[in-house]
Amino acid sequence: NGTSAGAIGHLGVWKAGRIRYTGVLLGADVNLEFFEEGAEQGEGLDWNIRLSGTYHQIKMAVRESLFLGARYYFFSTESVLGDSTDGDPGGLPWDVVKDSDMISDLAGLGVTATWDSRNTTFSPTEGLFADLAWTVHDELLGSDFNYSRVDLSAFKYWDLDRVVLGLRAEGGAV
């Protein structure tokens with residue numbers, strides 16, 4: 001349907017794992033079609049989303065297994081709604097925004113604290129990875145929205161000889 005996306009990233013580990021960097025540049029042009037209940041092929045509403053953005057995070061070990069760091073991200077999104085048929089949206093809930101563009105920028109600057117006692121990064125069999133992040137979104141950073149968010153992620157691994165058991169917990173508040 002003409003959808004395309006691409007990304008390039010870098011995961012860098014320096015000073016014997018004491019400095020960790022993650023960086024990504026990405027872009028996407030996504031074409032979707034939404035249908036009212038009972039609608040048939042060709043009776044939908046076209047929706048195009050164009051996204052471009054970047055994400056950067058650096059963490060430094062302050063003691064064994066404990067890392068402190070900073071992150072910044074910026075994403076620009078343009079969403080265009082339009083009808084795929086004769087200009088009649090057919091009672092779809094987006095009648096008000098039909099044929100209109102919605103553009104938004106989201107930028108955040110945050111701090112992170114990470115505990116990483118896993119025995120390996122890519123396929124751990126034991127240990128704990130826990131990350132707590134606080135991010136501020138503000139117009140001064142390039143964002144169209146002003147708010148803060150807190151996110152917590154935790155992954156625990158146990159080696160049970162013939163199988164590895166993993167537990168994942170995540171939560172967030174805005």
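Visitor: Is glutamate 170 buried, partly exposed or exposed?
Guide: In this predicted model, glutamate 170 counts as partly exposed, because its relative accessibility is 49% and the exposed class begins only over 50%.

Visitor: And which residue does glutamate 170 form a salt bridge with?
Guide: The partner is arginine 168, and the closest N and O atoms of the two are 2.3 Å apart. Arginine 168 is itself exposed, with a relative accessible area of 57%.

Visitor: Are aspartate 116 and arginine 118 buried or exposed?
Guide: Aspartate 116 is buried, and arginine 118 is buried as well.

Visitor: What about aspartate 151; which side chain does it meet in a salt bridge?
Guide: Aspartate 151 meets the side chain of arginine 149, at 2.8 Å from N to O. Aspartate 151 is partly exposed because its relative accessible area is 23%, a value between the 20% and 50% limits. Arginine 149 is likewise partly exposed, with a relative accessible area of 27%.

Visitor: How many salt bridges does a search of the whole structure find?
Guide: The search finds seven salt bridges, including the pairs of aspartate 116 with arginine 118, aspartate 151 with arginine 149 and glutamate 170 with arginine 168.

Visitor: Changing topic: which residues form the negative surface patch?
Guide: The negative patch is formed by Glu36, Glu37, Glu40 and Glu43.

Visitor: Where does glutamate 40 lie?
Guide: Glutamate 40 lies in the loop between strand E2 (19-34) and strand E3 (45-63). Glutamate 40 is exposed, with a relative accessible area of 55%.

Visitor: Which residues make the nonpolar surface patch?
Guide: Val111, Leu132, Trp134, Val150 and Leu152 make that patch, which covers about 450 Å². Strand E6 (127-137) and strand E7 (147-159) are the elements that each give two or more residues to the nonpolar patch.

Visitor: Where is leucine 132, and how exposed is it?
Guide: Leucine 132 belongs to strand E6. Its relative accessible area is 44%, so leucine 132 is partly exposed.

Visitor: Now the rings: how many aromatic pairs are there?
Guide: The count comes to four aromatic pairs. In one of them, tyrosine 55 and tyrosine 73 have ring centres 6.3 Å apart and planes at 25°, so the pair is stacked. This pair links distant parts of the chain, since tyrosine 55 is in strand E3 and tyrosine 73 is in strand E4 (residues 66-83), 18 residues apart.

Visitor: Is tyrosine 73 buried or exposed?
Guide: Tyrosine 73 is buried, because its relative accessible area is 12%, under the 20% limit.

Visitor: What is the geometry between tyrosine 73 and phenylalanine 75?
Guide: Tyrosine 73 and phenylalanine 75 form a tilted pair, at 5.8 Å centre to centre with 40° between the planes.

Visitor: Which residues form the aromatic cluster, then?
Guide: Tyr55, Tyr73 and Phe75 form one aromatic cluster.

Methods: Residues are numbered from 1 along each chain as its sequence is written. This is a predicted model: local features need pLDDT of at least 70, side-chain atom pairs count only at pLDDT 80 or more; totals for chains, interfaces and linings use all residues. Side-chain values use heavy atoms; hydrogens and water are left out. Patches are made of residues with over 30% relative accessible area and no salt bridge: like charges are joined within 9 Å, nonpolar side chains (Val, Leu, Ile, Met, Phe, Trp, Tyr) within 5 Å. Accessible areas come from the Shrake-Rupley method with a 1.4 Å probe; for residues, only the protein chains shown count as cover. A salt bridge is a side-chain nitrogen of Lys or Arg within 4 Å of a carboxyl oxygen of Asp or Glu. Lys and Arg count as positive and Asp and Glu as negative; His and the chain ends are not counted. The place of a charge is taken as NZ of Lys, CZ of Arg, CG of Asp or CD of Glu. Helices (H or I, at least four residues) and strands (E, at least two) are DSSP runs, numbered from the N terminus. Buried means under 20% relative accessible area, exposed over 50%, partly exposed in between (1.4 Å probe, protein chains only). Rings of Phe, Tyr and Trp (its six-membered ring) pair if their centres lie within 6.5 Å; planes under 30 degrees apart count as stacked, over 60 as edge-to-face and the rest as tilted.
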